[in-house]
Amino acid sequence: GKPLAPNVDIDILARRTPGFTGADLANLLNEAALLAARRNRKDIGQSELEESIERVIAGPEKKSRVISDYEKKLVSYHEAGHAVVGYLLPNTDPVHKVSIIPRGRAGGYTLLLPKEDRYYMTRSQLLDQVTMLLGGRVAEDLVLKEISTGAQNDLERSTELVRKMVMEYGMSEALGPMTFGHKQGAVFLGRDIARDRNYGEEVAAAIDREVRDTIERNYSLAKDLLNKHIEILHKIAHKLMDKETLEAEEFADIMKESGIDAIKA
């Protein structure tokens, strides 16, 4: 096997691979070794390892995919929206990378990395995560006066997260510290865990209302943040249109130059 280069940061790799099994990590190193060989390197560097993690999680880069200038602008503002909102919120993880290079089915991606292992999530952390997920669609709406299908996965994830907060974690002020529905085993292969309803129509309507109200509140918060910092949103989006990828340091430098430090707890 190939040795690791001196620049490899094991802490960053550990933070980027939560839940990876030994076999997953072995696949990751094999992928990184192949990349290093293609680049005629004698050792495996940080860039090969990070590229391999992104390949495993999101699929290979699709640099050959030709996109129009309008679509490039749309994806740039979408990802800038996620990154700026994520940076400004107090309970999100630090922004590690923002890219508009397509991977798998995604047109671009914003990667936030925890500073330490986490076994529990607080209500504030979950709500900030929802706001960050909605930041992409908010940015499209604010700047382009248009919304696209690019936010579909964000909407799916944020809605599912809020529904879990209400139904499983007892985090709804309106419905109180209760859980709703009994989990049952997988219905059949390929289906998620189903939930038996143990509540009536009135409670079902209250759950739907609470989910919708929470999403709308967090959407408004993302909109307020981006409206207030619209110049920074433009700056990050234009950098992405120009460079396609911003690493953690470069992104943080742009934010600090604009007079904003991350308000992390």
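A residue counts as buried under 20% relative accessible area, as exposed over 50%, and as partly exposed in between. The model is predicted. T179 has a relative accessible area of 49%, so T179 is partly exposed. T179 is found in the loop between helix 6 and strand 3 (182-186). Leaving aside neighbours within four places in sequence, T179 is in contact with M167 and E168. T179 and G135 are 44 residues apart in sequence and 29 Å apart in space, C-alpha to C-alpha.

Next, the nonpolar packing. The largest nonpolar core has 49 residues, and I207, L226, I236 and F251 touch the most other members. Among the elements that give two or more residues to this core are helix 4 (69-88), strand 1 (95-99) and helix 9 (248-257). Helix 7 gives the most, with 9 residues. F251 is in contact with A83, V84, Y87, V95, V98, I236 and L246, leaving aside neighbours within four places in sequence. A second, separate core of 9 residues includes A5, V8, L28 and I53.

A search of the whole structure finds 1 cavity of 30 Å³ or more. The largest cavity has a volume of about 60 Å³. Helix 5, helix 6 and helix 7 are the elements that give two or more residues to its lining. Residues that line this cavity include R123, L127, V162, E210, T214 and R217. The table gives the lining by class.

| Class | Lining of the largest cavity |
|---|---|
| Nonpolar | 5 residues |
| Polar | 2 residues |

Notes
Residues are numbered from 1 along each chain as its sequence is written. This is a predicted model: local features need pLDDT of at least 70, side-chain atom pairs count only at pLDDT 80 or more; totals for chains, interfaces and linings use all residues. Side-chain values use heavy atoms; hydrogens and water are left out. A nonpolar core is a set of buried Ala, Val, Leu, Ile, Met, Phe, Trp, Tyr and Cys residues joined through side-chain atoms within 4.5 Å. Buried means under 20% relative accessible area, exposed over 50%, partly exposed in between (1.4 Å probe, protein chains only). Helices (H or I, at least four residues) and strands (E, at least two) are DSSP runs, numbered from the N terminus. Contact means heavy atoms within 4.5 Å. On a 1 Å grid over the protein atoms alone, a cavity is a set of points where a 1.4 Å probe fits but cannot get out, and a pocket is an open set with protein on both sides within 12 Å along at least five of seven lines; lining residues have an atom within 4 Å of a point. Grid points are joined across faces, edges and corners, and a volume is the space filled by probe spheres set on the points. Ala, Val, Leu, Ile, Met, Phe, Trp, Tyr, Cys and Pro count as nonpolar, Asp, Glu, Lys and Arg as charged, and the others, Gly among them, as polar.
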